[in-house]
Amino acid sequence: MDNNMKSVIIKRINKTGESLKKNNMEFYFAETKNDVAGIVESLIKESDVITNGGTMTMAECELPELLSSPKYKYLDRTCMTPDEIQKLYIDSFSADVYITSSNAITEDGLLYNVDGNSNRVAAIAYGPKSVIVIAGYNKIVKNLAEAELRVKSIAAPANCERLSCETYCRETGECMSLAKPEREMCDGCASPARICCNYLISAYQRHKGRIKVILVGEELGY
């Protein structure tokens, strides 16, 4: 990336970050994914119970290596059975720290997330004492209309491919509502494997600083 493009990206990140702060969320800037672990480490404490939602971004930033330290109580679902994972979803509500990404972040400081099992959107909204959101600059959008479009055309198809979900968007690369706009999304996709089941918009936060957003000057995740 040349310096001119980098300058534009950083300006957009900072604009979004200021909006997040106005919405009572903390904002941190990481120039590259290699800087993320250090910021996360500064936001967690020894003996913290930490877990995470499904996120490609977290793996790209090599956070599992940090969290696997015996200093922390990391609830890692990687090698769990389905029953154990279900229990972890419930236990996540009492975690000290919950780490996730976001499907989209608007320039006016809103987090937009869509979920299938809905454990992730539930934990973002309520439960864990601290929520750390990590997102590459590619997740920044102008407004909620762009956020919705991003999920339908990028995030959902890519995640369905990753999870081998038999859905229309995995087959075609876009949501049914984009290909067939006369059909409403809510009654168009009736696949049992659908991952767009519950929608969460995180706006102004009553509990200042509970949500902490790390925006990264690189493209990360879907």
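## Helices and the model

Helices are DSSP runs of H or I with at least four residues, numbered from the N terminus, and one of them, helix H7 (residues 144-163), holds Lys152. The structure is a predicted model, in which local features need pLDDT of at least 70 and side-chain atom pairs count only at pLDDT 80 or more, while totals for chains, interfaces and linings use all residues. Residues are numbered from 1 along each chain as its sequence is written, and side-chain values use heavy atoms, with hydrogens and water left out.

Met5 belongs to helix H1, which covers residues 3-22, and because its relative accessibility is 45%, Met5 counts as partly exposed.

## The second largest cavity

Two cavities of 30 Å³ or more are present in the structure (sets of points on a 1 Å grid where a 1.4 Å probe fits but cannot get out, with lining residues having an atom within 4 Å of a point). The second largest cavity holds about 40 Å³ of space, a volume being the space filled by probe spheres set on the points.

Among the residues that line the second largest cavity are Asn52, Arg77, Tyr98 and Ala123. Helix H5 (82-91) and helix H6 (119-125) each give at least two residues to this lining, which also includes Leu88, Tyr89 and Asn119.

Methods:
Buried means under 20% relative accessible area, exposed over 50%, partly exposed in between (1.4 Å probe, protein chains only). On a 1 Å grid over the protein atoms alone, a cavity is a set of points where a 1.4 Å probe fits but cannot get out, and a pocket is an open set with protein on both sides within 12 Å along at least five of seven lines; lining residues have an atom within 4 Å of a point.
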